[in-house]
Amino acid sequence: MTAKEILSLTAVQLGKKIKDGEVTSVEAVKAVLDQIKAMEPLLNSFVTIEEEKALEQAEEVQKRIEAGELTGPLAGVPVAVKDNICIDGMKTTCSSKILWDFVPTYTATAVENLKRSGAVILGKTNMDEFAMGSTTETSAYGATRNPWNPDHVPGGSSGGSCAAVAAAECFYALGSDTGGSIRQPASFCGVTGLKPTYGTISRYGLIAYGSSLDQIGPVAKDVTDCAAVLEVLASHDEKDSTSVERKDCDFTEALRDDVKGMRIGIPADYLGEGLDLEVREAVLKAARILEEKGAILETFDLGMVEYAIPAYYVIASAEASSNLSRFDGVKYGYRAKEYDGLHGMYKKSRSQGFGPEVKRRIMLGSFVLSSGYYDAYYLKALKTKALIKKAFDEAFSKYDVILGPASPSTAPKLGESLSDPLKMYLGDIYTISVNLAGLPGLTVPCGKDSKGLPIGVQFIGDCFKEKNIIRAGFAFEQNRSYEMPQMAADAMAGKEEK
Amino acid sequence: MSKQYETVIGLEVHVELATKTKIFCACSTEFGGAPNTHTCPVCTGMPGSLPVLNKQVVEYALAVGLAVNCQINQYCKFDRKNYFYPDNPQNYQISQLYLPICHDGHVEIDTPAGKKKIGIHEIHMEEDAGKLIHDEWEDCSLVDYNRSGVPLIEIVSEPDMRSGDEVIAYLEKLRLIIQYLGASDCKLQEGSMRADVNLSVREAGSSELGTRTEMKNLNSFKAIARAIEGERKRQIELIEEGKPVVQETRRWDDNKESSYAMRSKEDARDYRYFPDPDLPPVVISDEWIGNIKSRQPELRTEKMARYQEEFKLSEYDADIITGSKHMADIFEAVTAICGKAKEAANWLMVEAMRLLKEHDMDPEEMTFSAENLAKLIHLVDNGTINRTVGKEVFEKIFAENIDPEQYVEEKGLRVVNDEEELRRVIEGIVSANPQSVEDYHSGKEKAFGFLVGQTMRSMKGKADPGAVNRILKELLG
Ligand SMILES: [Zn+2]
């Protein structure tokens, strides 16, 4: 197979071809490493690329596939991992200066699961610093660019993972989603992203931002890949006390082109003011396609939507202010060169090591937890969270799936969002409440705007009902074929000519 | 001092639990070990690591709570206490603030005025911190995280105590209960039991509380007693001089017998407590509580009753022996081996207590084995050695845990029963002391005792006293 043919495959398609002996894992890794070399100067999707390690792994995995030891659908397929997920012996920075040289001595359970399935790890992808941001511009290692138009952001915080999948720098990637960090960049980059129900994938080894909201999830070219990867990632983990023991993790079983009788609710609150008209049109068109396939559509009032953003920023920042206090220059990571005494060291190391967005959220979080404000902010936010969950519970008593946009607009230009943090926070309006309620959410590409930037449709399911959104997403995407950004295709074509 | 003052004292007692592993990871809690060898990503606060609660910690906390008559929060939570310090690897301590596991209990203490209830406000579970070591040579500080994550319970009393004596009585009671439960060894010197003292004074008869101070770094009962006396005096002096008592934390220096301020309330830290999102609430079922209750080991009063019943000890003896869990354990072990409860009790109550007093030791510090004391009892009982020699051997057992059988052989301490040898020695003593013989014959009983003593001395105490008496009487006619 030519490199272009290999790179055009989805993860599951590649896995099958490797198993069938049509291509080897090593060939796939080489093709993808070449693509990385061509794309990285333009995109900056990766923080760390482990070329040699990847080739070594590929050789070993290939042998085990040939020996019949590895039989899973993803054996031998190269993957990229977001840089807030720890891998033993691989630099893990959270795209922050404060962890510039941090190399963990342990591996996240999610990555252990991947390795057991025969995945080949290429390296670590760029992100907003400590997953705080919606554009991947707050990275200490430079912004990642959108492969559809490098003047635009890829979204965030899993912008590196989504850009890498879109640009064929990997076949799938791991992201993490605290308030939309998988679903929003997936929609900006024209790829598919899934955030499972809270507790489905172990958080052990995921460097925490907002512990009660964080979930790891897959980013891939289509729903089939997402379901296959989720099946590998989901596991009960004794090392994570919030991990749930589930018996319904055969997610690929839901890959059926059948939505007859499926009840789909569209929240009117998700189609109102602030929503870009082109996005609105594309999302409603996606809904109509499912209706044509037999789903029952209904518009309804979800409620509580306007309270999601303040509740989210209070809870996530409060948890972050405590989670990030361990980065103090004492044990690992960045320490200021000159300082006076212990407190001077803390102050300088943290002032120099953290970027402005991280500092803003640490300060916000410290404020809402301080005595005298705890009840007014933190407790109130927790109550709001419970009410949002209740609103969803009511909706799911009527609908199997909730459908809406992933983001009010398509990818903004670089630099546009950072100047106005509040506007950036408002961009998370359709994704955040899913985290607050602990629900699964899936975004699937559903068209492009007049600038040629991708639009995503979001499917939200009830807790532990990933299969519903997988079925809806799969049925929808049967009506379109996967589209690759021109610059990624050009890079491959360039190689063919040589 | 013209006015009468009342001292009001409450205690915060930290107790290190006797679990084999730490509270949130599988690392060993064993004392010692090279620095940072009992550590993992969890107890060193590495990014991405997550805590998993050790169920045994909950069980010990429940056992203690039930033994001190507490109510149980059947839905309890862990909270994070946020503060920066290098011994605290995450810069937050996992503790309990909003919903501690136990609350509203009490223990009863004996006071000169009779029994008194000391209220227990709450008991919560938390993790210990690491240790900072300053390296003078390199002029830097090092951290050892071996203790980081060792489970603690903090027992917070109500301000119900009025004197140092009451405080000591409360602490002794608490310690005994916890030791009996096996929840901790409660060694103050090693820090497995630590007490912070909250103290205020007020005019006698007043119902309002005075301003209190908190004293830390108290690592023996004596230090606690001295610190209470010192702080009471200091506060009364301030009040008499018309100066205010400042609410502050003070550190007691037992060598200087004085305290100094560590930090005042004004710079008290805001710990920004909030529920730890990594740990789901601990749900304690009625069944679980029932289980703990049914497994609750014998406490002191039950043990005392059993000793009187089963071993026919007097109430006084049973009281002394059960006064220390360790002493009671030795007693039971010795009795199980040699079957002589009375003898075991005697050795412990008389000789062991005497030596403890002499060396200013706690019963917990006795390290000899039950086997060796049982062997000693056997040696005395079958007449291999006499009681006087036995006492000497016991001192060796107490100090060095020697094997008494081996020791008696090596030192040649067996009782001399050889009739001929004894007779020869006594004949020598009689002929060397004509004055005493004369005194004896003229009716002075003391002279007989003198001659026995001379005989024993020349036999280095190894003579059988019965035989000496008999032969001497015979020779003196
Ligand atoms: Zn550990």
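The legends below describe close-up views of a predicted model. Residues are numbered from 1 along each chain as its sequence is written, chains are lettered from A in the order in which they are written, and side-chain values use heavy atoms, leaving out hydrogens and water. Because the model is predicted, local features need pLDDT of at least 70 and side-chain atom pairs count only at pLDDT 80 or more, whereas totals for chains, interfaces and linings use all residues.

**View 1. A stacked tyrosine pair in chain A.** The whole structure holds 28 aromatic pairs over all chains; rings of Phe, Tyr and Trp (its six-membered ring) pair if their centres lie within 6.5 Å, and planes under 30 degrees apart count as stacked, over 60 as edge-to-face and the rest as tilted. A:Tyr313 and A:Tyr425 form a stacked pair, with 4.0 Å from centre to centre and 20 degrees between the planes. The pair links distant parts of the chain, 112 residues apart: A:Tyr313 belongs to helix H10 (residues 305-323) and A:Tyr425 to helix H14 (residues 421-426) of chain A. Helices (H or I, at least four residues) and strands (E, at least two) are DSSP runs, numbered from the N terminus. A:Tyr313 is buried at 6% relative accessible area, and A:Tyr425 is buried at 9%. Here buried means under 20% relative accessible area, exposed over 50%, and partly exposed in between (1.4 Å probe, protein chains only).

**View 2. Rings and a lysine in chain B.** B:Tyr271 and B:Tyr273 form an edge-to-face pair, 6.2 Å centre to centre with 70 degrees between the planes. B:Tyr273 is buried, its relative accessible area being 17%. B:Lys81 lies over the face of B:Tyr271, 4.4 Å from the ring centre; a charge sits over a ring if NZ of Lys or CZ of Arg is within 6 Å of the ring centre and within 35 degrees of the ring normal.

**View 3. The largest nonpolar core.** This core has 164 residues, of which A:Phe130, A:Tyr172, A:Phe392 and A:Phe459 touch the most other members. Helix H10 of chain A gives the most to this core, with 11 residues. A nonpolar core is a set of buried Ala, Val, Leu, Ile, Met, Phe, Trp, Tyr and Cys residues joined through side-chain atoms within 4.5 Å. Beyond its neighbours within four places in sequence, A:Phe392 is in contact (heavy atoms within 4.5 Å) with residues including A:Tyr270, A:Leu302 and A:Ile460. Another core, of 113 residues, lies apart from it and includes B:Phe24 and B:Leu348.

**View 4. Backbone details in loops.** A cis peptide bond, with omega about 10 degrees, joins A:Gly156 and A:Ser157. A:Ser157 is placed in the loop between strand S3 (120-125) and helix H6 (159-166) of chain A. B:Lys312, although not a glycine, has a positive phi of about 55 degrees. The loop that holds B:Lys312 runs between helix H5 (300-310) and helix H6 (315-321) of chain B, and B:Lys312 is exposed, at 55% relative accessible area.

**View 5. The interface of chain B and chain A.** Contacts involve 30 residues of chain B and 37 residues of chain A. The two chains bury about 2700 Å² between them, 58% of it on carbon and sulfur atoms; buried area is the accessible area (1.4 Å probe) that two parts lose on being put together, summed over both. One salt bridge is found across this interface, the term meaning a side-chain nitrogen of Lys or Arg within 4 Å of a carboxyl oxygen of Asp or Glu. A salt bridge joins the side chains of A:Arg203 and B:Asp278 (3.1 Å, N to O).
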